[in-house]
Amino acid sequence: MRKRSLISAAAALAAVGGATFAYASLIERNMFTLRRFDVPVLDPDAEPLRILHLSDLHMMPDQRRKQEWVAGLIGTDPDLVIVTGDNMASPDAVPGVLRALEPLLDLPGAFVFGSNDYRGPVWKNPLQYLLPDREYVQGADLPAEDLRAAFTDSGWADLNNARTVLKAGGRSIELAGVDDPHVERDDYAAVAGPISDGVDLHLGVTHTPASRVLDAMAADGFELLLAGHTHGGQVCVPGYGALTTNCDLPTRMAKGLHRWPGSDALLHVSAGLGTHPTAPIRFACRPEASVLTLIPR
């Protein structure tokens, strides 16, 4: 009797595990979701400003459903588009990325890259993401310069270790960004300095929400910081949340809008729209894009 009970329990556990994996890989990872946040960073009496924040597309050439969903975000009527990297997951991904973003490229926009814009994915044990000192392994070169040219030719600002002021929604916006801190491509010192006077809004942009970068941006006075990279934890525990952020960001801040500790800056971390192609699952963490409606403080 005891042996039969153990066999039944093991079979039930295996069935639950299989059903959970099927749900995470076939259903939830395709449940693209639009999040909306009100972000109180504008001066009193200022008109609202809408930012569409996209991150971590990890696009494969045949992901037409994702491409069509992203293209449809033009219907959110954003004033500004910010893309925080990891757009590609294949050497052939540029056409798919541009198919997704094409309706948005006519709008004011800016971008930084992530590590997976430069080098492709390689197979890895997903449990390694729980190890803080794991070795980082990169795959084949990706056509980052082709994607960069397509973005900049459309008028989007390249914020990889760069700083600029652009116009959007009738406002002047100062932006400072870094290349991906996850692979130590960031050089905030090259763009550091107090925020400029006479500008309506100041944004700091990075792919990986590394504390060394966010601390420096907040200290310089940037009111809103935007990042991706975490996938919101990607596989979360219902009622608890993320188990890892794959960086030094606390797991409680793995996605969403938060006050950056020790400052007046707000941080928005996008859980992103894709997955690593060798771990194509999401659980209790739907793929997402965000509309941030900036309002008076």
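**Exercise 1.** Is R163 buried or partly exposed in this predicted model, and which residue does R163 pair with?

*Solution.* Start with the cut-off: buried means under 20% relative accessible area, and exposed means over 50%. R163 comes in at 26%, so R163 is partly exposed. Next, look for the partner: R163 makes a salt bridge with E174, with the closest N and O atoms 3.1 Å apart. Now place the two: R163 sits in strand 6 (residues 162-168) and E174 in strand 7 (residues 171-177), 11 residues apart.

**Exercise 2.** Find where R212 and D186 lie, and sort each as buried or partly exposed.

*Solution.* Begin with the contact itself: the two side chains meet in a salt bridge, 2.9 Å from N to O. R212 belongs to helix 6 (residues 211-219), while D186 is in the loop between strand 7 and strand 8 (201-205), 26 residues away in the chain. Then check accessibility: R212 is partly exposed at 46%, whereas D186 is buried at 18%.

**Exercise 3.** Work out which parts of the chain the D77 and R50 pair ties together.

*Solution.* First, the closest N and O atoms of this salt bridge are 3.1 Å apart. D77 lies in the loop between helix 2 (64-71) and strand 3 (80-83), and R50 in strand 2 (residues 49-54), so the pair ties together parts 27 residues apart in sequence. Finally, R50 is partly exposed, at 26%.

Key:
Residues numbered from 1 in each chain as written. Predicted model: local features only at pLDDT ≥ 70, side-chain atom pairs only at ≥ 80, totals over all residues. Heavy atoms only, no water. Salt bridge = Lys/Arg side-chain N within 4 Å of Asp/Glu carboxyl O. Helix = DSSP H or I, 4+ residues; strand = E, 2+ residues; numbered from the N terminus. Buried < 20%, exposed > 50% of the residue type's maximum accessible area, 1.4 Å probe, protein only.
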